[in-house]
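Here is a short briefing to read with the model open beside you.

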Amino acid sequence: MEEPWRLPSGCGQGHSPGPNLLDGGAVSSSPDRQVRLVRPAPVAELIRSDVTVGTLRGPRWRATARGWYVRAYATQDHPDQRIVEAAAVLPRVGAVGGWAAARALGATVLEGRGIWGGREEPVLLCLGPGQIRERPGTRISRSPLPEHDVCMVAGIRVTSPLRTTFDGMRLASRLEDAVAFGDVMLHRRLVDLPELAAYVSDHAGWKGIALARRALTLLDLGSRNPWESRFRVLWVVDAGMPRPRCNAPIHDEFGDLLGIVDLLDEAAGVVGEFDGGGHRDIGTHTYDNLREETLEDHGLVVVRATSLDFGHRARTAGRIRRAYARAARGYHAQRRWTTQPERKV
């Protein structure tokens, strides 16, 4: 019987490798489906297994890199399969990094997709002095890679949690993505803020260090997903408003829970709610509307955003500032909410 397998969370030089993936018996679980993972094999090994060159050129095999092939049934668009394929060609001194390493370490919310249109992000290959070229679907980092920055997960060399977080922040394309990456690693307890700050401090002069330092000042352990993090950056950096609390519980004057909001400026009485894809369902959307009315009835001003609002940053920042202005004018005459309810007897 084939043994179920997934990229497990955890990191350490003594981590036990997973089963041999060359036989196509690996299975990666995701929320909506199970995907068979297949590790590519070099041509020489396949020929020794009586697979001819003509067969490799047929429809039952797919080339993943020069001289490497995988069974055609391997699902190309699944992030775990992309990790397995990229890792197969690593030199001995290299390691998988970035979102792929974070996912292997347990941050499965990172799927290697760009925030706009689902564009695939390349798998980062950290090589140090390694000598391989970029190929479609990969990105090469030739920054120094000491062995203490590497660990084993399921038989794959990946960067350590600290190095993974540092690279994810410094090599991000924008500040909000750097913060989102760091928040995920903090929330998953893969790193803690003091050790991350020390690691960033120890790597002065590295490419992207200014971005990593800026992102470090904006990280928040309480952020539960990357979109909440991006919304918080827009709130603070673009709109220029005070840093809000993340996922704060709000109660009424009787101590009953009104809801846990994504962002809250408690002093101003302003709430930020990000509506992701799961909020499009009619039932969820109806609940969101009712909750918003309830929060406002109790004296809060609510700002809601979706991913489309990030394409209109100035407009969205203006909406946030106007929410603060409404709150300052006493838009709601009476505050009937609290974040620290009295204990009921």
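## Briefing

The structure holds 7 aromatic pairs, where rings of Phe, Tyr and Trp (its six-membered ring) pair if their centres lie within 6.5 Å, with planes under 30 degrees apart called stacked, over 60 edge-to-face and the rest tilted. This is a predicted model, in which local features need pLDDT of at least 70 and side-chain atom pairs count only at pLDDT 80 or more, while totals for chains, interfaces and linings use all residues. Residues are numbered from 1 along each chain as its sequence is written, and side-chain values use heavy atoms, with hydrogens and water left out.

**Aromatic pairs**

- F231 and W235 make an edge-to-face pair, with 5.9 Å centre to centre and 80 degrees between the planes.
- Both F231 and W235 belong to helix 9 (residues 226-238), where they sit 4 residues apart, about one turn of the helix; helices (H or I, at least four residues) and strands (E, at least two) are DSSP runs, numbered from the N terminus.
- An α-helix has 3.6 residues a turn, so residues three or four places apart point the same way.
- F231 and W235 are buried, a term that means under 20% relative accessible area, with exposed over 50% and partly exposed in between (1.4 Å probe, protein chains only).
- W235 also forms an edge-to-face pair with Y324, at 5.9 Å centre to centre and 70 degrees between the planes.
- Because W235 lies in helix 9 and Y324 in helix 11 (residues 313-328), this pair ties together parts that are 89 residues apart in sequence.
- Y324 is buried, as is W235.
- One aromatic cluster is formed by F166, Y199 and W206.

- An open sheet of 3 strands runs in the order 3-5-4 with antiparallel pairing, and two strands pair if DSSP finds at least two bridges between them.
- Strand 3 (41-42) and strand 4 (61-65) are the edge strands, each pairing on one side only.
- Strand 3 pairs with strand 5 (residues 68-71) in the antiparallel sense over 2 bridges, and P42 has W68 of strand 5 as its bridge partner.
- Strand 4 and strand 5 run antiparallel and are joined by 4 bridges, with A65 standing opposite W68 in strand 5.
- Strand 4 and strand 5 also form a hairpin with 2 residues between them, and G67 in the turn has a positive phi of about 85 degrees.

**The second largest pocket**

- The second largest pocket holds about 240 Å³ of space; on a 1 Å grid over the protein atoms alone, a pocket is an open set of points where a 1.4 Å probe fits, with protein on both sides within 12 Å along at least five of seven lines, and lining residues have an atom within 4 Å of a point.
- Grid points are joined across faces, edges and corners, and the volume is the space filled by probe spheres set on the points.
- Its lining has 14 residues, with R82, E85, R135, P136 and G137 nearest the centre of the second largest pocket.
- Strand 4 and helix 3 (79-88) each supply at least two residues of this lining, and strand 4 gives the most, with 4 residues.
- The lining divides into 5 nonpolar, 4 polar and 5 charged residues, where Ala, Val, Leu, Ile, Met, Phe, Trp, Tyr, Cys and Pro count as nonpolar, Asp, Glu, Lys and Arg as charged, and the others, Gly among them, as polar.

**Loops and backbone angles**

- P59, in the loop between helix 2 (53-56) and strand 4, is exposed at 76% relative accessibility.
- P59 and A72 are 13 residues apart in sequence and 6.9 Å apart in space, C-alpha to C-alpha.
- D50 lies in the loop between helix 1 (43-48) and helix 2, and has a positive phi near 70 degrees although D50 is not a glycine.
- A154, in the loop between strand 9 (150-153) and strand 10 (156-159), is another non-glycine residue with a positive phi, near 55 degrees.
- Is each of these two buried or exposed? D50 is exposed, with a relative accessible area of 72%, whereas A154 is buried at 4% relative accessibility.

**Cysteines**

- The count of disulfides (pairs of cysteine sulfur atoms within 2.5 Å) comes to 0.
- C126 is buried, with a relative accessible area of 0%, and C246 is buried with 12%.
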